[in-house]
Amino acid sequence: DTVLYNTYGRHEENSCLAQCRDDEVLRRCGCVKIPPPLPENNPGVEYRACTLEEWSTCGLQAYLDWYKAYVDVRRADMMCHCYPACKENFYKASISSSALSKIYAARRVSQLPEGYGTTADVLDNLMVLDILFTSTQQTEITEIATYGWMNFLGDVGGVMGLFLGASAFTVIEIIVFAFTFCWKAAKLIVKK
């Protein structure tokens with residue numbers, strides 16, 4: 001399998017949209033809010049961070065216009081050709097917090113570098129960060145052609161039956177009638 005990359009890494013729908021947004025703001029303002037992490041994946045384009053003045057006078061409005069067009073379903077496909085990934089891992093994030101306990105802080109004081117001399121220093125300046133995945137949901141999108149020739153012929157026959165009162169036998173009868181009519185007309189012409 002060929003793996004495609006863009007300025008935000010592996011080519012997936014969200015990274016494609018981020019690059020599309022950056023490209024639109026860059027086109028209109030000559031800068032982006034934050035340069036992408038992998039600009040080398042879009043050769044010939046230089047991503048420069050906007051100054052605060054550039055962002056306030058041009059960048060923000062360009063971003064809002066892009067977003068307005070992106071959420072408009074009639075215009076979204078014209079802007080960015082970003083398709084859903086065939087396989088995508090999605091990790092749900094949640095945040096919770098609580099203060100460190102005084103007992104934990106008292107134990108940690110002796111293990112820390114100089115500058116953290118008291119339990120209060122530990123309580124004010126340190127935190128314990130645990131990252132837990134609440135769920136690992138995997139979505140796989142597969143495109144399958146569900147409307148083939150047999151479906152098409154069935155629909156055409158159904159429409160003919162609905163509007164013309166025709167069936168497959170009626171079509172055969174029309175062909176036989178036309179053939180018989182042409183045959184008899186040809187016999188009459190030959191007799192003359």
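Trainee: Which cysteine does the disulfide join to Cys-16?

Mentor: A disulfide is a covalent bond between the sulfur atoms of two cysteines. The cut-off here is a pair of cysteine sulfur atoms within 2.5 Å. Cys-16 is joined to Cys-82, S to S 2.1 Å. Cys-16 sits in helix α1 (residues 13-29) and Cys-82 in the loop between α3 (76-79) and β3 (87-91), so this pair ties together parts 66 residues apart in sequence. Helices are DSSP runs of H or I with at least four residues, strands are runs of E with at least two, and both are numbered from the N terminus.

Trainee: What should I know about the source of the coordinates and the numbering?

Mentor: This is a predicted model: local features need pLDDT of at least 70, side-chain atom pairs count only at pLDDT 80 or more, and totals for chains, interfaces and linings use all residues. Residues are numbered from 1 along each chain as its sequence is written, and side-chain values use heavy atoms, with hydrogens and water left out.

Trainee: Is the disulfide of Cys-16 and Cys-82 left-handed or right-handed?

Mentor: Look at the torsion about the S-S bond. For Cys-16 and Cys-82 it is about -75°, so the disulfide is left-handed.

Trainee: Are Cys-16 and Cys-82 buried or exposed?

Mentor: Both are buried. Buried means under 20% relative accessible area, exposed means over 50%, and partly exposed is in between (1.4 Å probe, protein chains only).

Trainee: How many disulfides does a search of the whole structure find?

Mentor: The search finds 3. Another one is formed by Cys-29 and Cys-58, with sulfur atoms 2.0 Å apart. The link of Cys-29 and Cys-58 is left-handed, with -85° about the S-S bond. Cys-29 lies in helix α1 and Cys-58 in helix α2 (residues 52-71), so the pair ties together parts 29 residues apart in sequence. Cys-29 is buried at 16% relative accessible area, whereas Cys-58 is partly exposed at 22%.

Trainee: And what is the torsion for Cys-31 and Cys-50?

Mentor: It is about 90°, so the disulfide of Cys-31 and Cys-50 is right-handed. Both cysteines lie in the loop between α1 and α2, so the pair ties together parts 19 residues apart in sequence. Cys-31 and Cys-50 are both buried.

Trainee: Next, rings. How many aromatic pairs does the structure hold?

Mentor: A pair of aromatic rings is described by the distance of the centres and the angle of the planes. Rings of Phe, Tyr and Trp (its six-membered ring) pair if their centres lie within 6.5 Å; planes under 30 degrees apart count as stacked, over 60 as edge-to-face and the rest as tilted. The structure holds 6 such pairs. In one of them, Phe-177 and Phe-181 have ring centres 6.3 Å apart and planes at 25°, so the pair is stacked. Both lie in helix α7 (residues 168-191), 4 residues apart, about one turn of the helix. Phe-177 is exposed at 60% relative accessibility, and Phe-181 is exposed at 56%.

Trainee: Which residues do ring pairs link into a cluster?

Mentor: Tyr-63, Trp-66, Tyr-67 and Tyr-70.

Trainee: Last one. Where does Ser-15 lie, and with which residues is Ser-15 in contact?

Mentor: Ser-15 lies in helix α1. Ser-15 is buried, with a relative accessible area of 11%. Contact means heavy atoms within 4.5 Å. Leaving aside neighbours within four places in sequence, Ser-15 is in contact with Asn-6, Tyr-8 and Arg-10.
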